[in-house]
Amino acid sequence: MKKHTLTKTALFAAAAALLSGCNGVGAKDSLLARFNDENVYKEDLTMLEMNSGKKDRWDMQVYESLYSKAAVASDAKKEFPEIEKDWEAYLKDVDVRILTNVFQRFFVDECMMYPDSELRRFFDANKRLFQSDSAGESVEYVKVRSEVAGEYFVYKNKEKFAEYLSGDSTNGGDTLASKRRFIENQRNELRGSITANLLERNNYKIMPLPPVDAKAYYENHKDEYKTVPGYVLYHVQMADSAALASLFAENVTLEQFKAVAAKSSKNNLTAKDGGYVGFVKHNYPLPAGIGSVDGLGDVLTGKPVGFVTPVLRSTDGAFQRFFLAEHVESKVKPFDRVEASIKAEAASGALLEVDSNFAVITKDGKTVFTQGDLNRFNKKYFGNRKLTAKSHDRIARIIAETFAYADMAIENKLDHSWEYRALTRSSRWDYIYERYLDKKLYSGPVSEDTLKSMFETMKKVNPSDRSFESVKGELEKIAMFPKNVYNHEYLFGYRMIYKGSTFEESRLKIYYQRLENVRFYLGKRYSYESYAKASSHFYGDDVPQYVPNESVDFLAARADSLYKNGKPLDAYYVYRDIMFSYPENDSLFQFATYLMAQTQSDAESYDDAEAEYYAFYRMWPQNENAEKAMFSRGFVLSENLGNDSTALEVFREFMDKYPNSELKESADWLVKNIESKGKLAEELLQKIKDQE
């Protein structure tokens, strides 16, 4: 990586002067560093200082927030050119929010609505008022700008302050405390005066929503007015589950089932009708005193007519078996059946039906924001919630107020301020960084059939009324998440977390449990890789240069060093970092998983070690360490966890799979010791004592 400090020579100083403004924070931005074609300015550094508040590991903060983000942005544009176009589209949405932030936070809260240039002149003329460090030297203007604004307000309002001071009975002679309260009161008044009647003063209006036509709403939302699907069922109820399980042969006709129910069922209400339960809604309690039966809906889903369930248990403790006599599909309810409820919901504001061209927000009587715009914003920025009159009004008001604040920012020329430019650059880098991670993490097409199958599984595991189309994008991400992470987490959690769930049923839980880990470590990796290979230039010595090292060789060496120095648990976490940083790299994932198992064992975290060994040899049975991993798991199960029954299964599988293993003799002895209930070990210990 090429590093140059351009202040060292006149030539480089002249080049820097051409690329910067006349001062550190002014009308033009001053270049601080460049990474390929991405520039970082001193104003970005100032903004980071204002936002951070902490100077701990400042060099690392600058690297993580500015330098590496700029380097990633340069790579992202080359690898995925569409990201820059996506940003431009995104900026059209968020530009008013940036302007609002600049207006509220800097112009009002900090500058108290005085122009930055005016405050700077006051600062330059009164530097003696702003000595804050131990050496008594003047600090940079921007770092005390809030104080400057307060002092300037007092200077401009001397009589008003004198009047306040004379009437402030709480100061106890502390003029400085009174001054602080006087200034803070003014800030509060400013905020209040701007917020009051904000929309009216800026000629914005939120239009009243049109009334909902019940018939039109029904025609457009018929799927919301369907009957609940279900089944026609017969059953046999008994107190003895074993007896109930043995009642029927493999194929039973309805007549045979009814005969058994009439004779053997202990439910008197249904036995007289051959066990007839009747129509039962999917996942609803059953009539005739049966109540809820856990898992009945899942068992019946997709089964043919004539299917007889296994033994199930109802909430009252009775055992049940059901005969599926008929599937009853859901049907759209006729309008006259739902008309009253639609009208009642519409009147309460719970239902909305607004044309996409409807003018939601106007300025000076002209449309500035339509229902189509609001729908898009809701989907993109407000969680895609189902809109009611109340939530619709709340979103519309937030957006309208943002427009009004942005207009006020432009009126005060804040769109030309350094704060606006710095916030826009920061937003751009953050946006590109997140989009780049998405592009790298979620790659490859997913078939519609795969997504629909996942959707059905998702509904089974986590029932909801969300449609396939509403979750399709989410399902695509779940499908493209690294397979190694899914496999490892599922196998690692086999004992408790995912016990009783299939791999497909567990995917959703694994995805949300590990998404943050994978994104975080992938981000560290890509940041390091982009920064390390960038053509880098630094204009000045303002910030000590942080030299990151997140290469896999460095991480592996660090973990090895920790392990050798008696810190196996610390080494484990570094190996885990490698696993999450390179989830697509099968060889690195294998390397990390095996060493994670070993370090957990040495750290005496035996439950985790056993699970890691299991995940390792199940995922990579052909790996050269799979044999050792299986043996180690059996040993940990027997010697450290006291789980002899599972250890026996593992050792027997080991001897079948590796009949010529060097560890076969040890495995055979361990099996015999378990079968002897530890007598072999006791005899061996006694022999050793006798020899001593």
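## Exercises on helices, strands and their packing

Helices α27 and α28 are roughly antiparallel to each other, a label for angles over 145 degrees, while under 35 counts as roughly parallel, 65 to 115 as roughly perpendicular and the rest as oblique. This is a predicted model, in which local features need pLDDT of at least 70, side-chain atom pairs count only at pLDDT 80 or more, and totals for chains, interfaces and linings use all residues. Residues are numbered from 1 along each chain as its sequence is written, and side-chain values use heavy atoms, with hydrogens and water left out.

**Exercise 1. Describe how α27 and α28 cross.**

Step 1. Find the helices: α27 spans residues 626-640 and α28 spans residues 644-657. Helices (H or I, at least four residues) and strands (E, at least two) are DSSP runs, numbered from the N terminus.

Step 2. Read the geometry. The two axes come within 8 Å and cross at roughly 155°. Axes are lines fitted to C-alpha atoms, for helices over the stretch in contact; angles run from 0 to 180 degrees between N-to-C directions.

Step 3. List the contact residues (contact means heavy atoms within 4.5 Å). Among them are Met630, Phe631 and Phe635 of α27, and Val650, Phe651 and Phe654 of α28.

**Exercise 2. State the strand order of the open sheet with three strands.**

Step 1. The order is β2-β1-β10, with antiparallel pairing. Two strands pair if DSSP finds at least two bridges between them.

Step 2. Pick out the edges. Strands β2 (38-41) and β10 (536-538) each pair on one side only.

Step 3. Look at one pair. Four bridges join β1 (residues 31-35) to β2. Phe35 has Glu38 as its bridge partner in β2.

Step 4. Place the helices. Helix α2 (residues 42-52) lies across β1 and β2, at about 55° to β2. Helix α3 (residues 58-79) packs on the sheet and touches β1, β2 and β10. The direction of α3 makes about 160° with that of β2.

**Exercise 3. Examine the hairpin of β8 and β9.**

Step 1. Strands β8 (residues 359-363) and β9 (residues 366-370) pair in the antiparallel sense over four bridges.

Step 2. Thr362 has Thr367 as its bridge partner in β9.

Step 3. Check the turn. Two residues lie between the strands, and Asp364 takes a positive phi near 55°.

**Exercise 4. Locate Val260 and its contacts.**

Step 1. Val260 is found in helix α12 (residues 254-264).

Step 2. Set aside its neighbours within four places in sequence: Val260 then contacts Leu247, Phe248 and Ser265.

Step 3. Compare sequence and space. Val260 and Leu247 are 13 residues apart in sequence and 7.9 Å apart in space, C-alpha to C-alpha.
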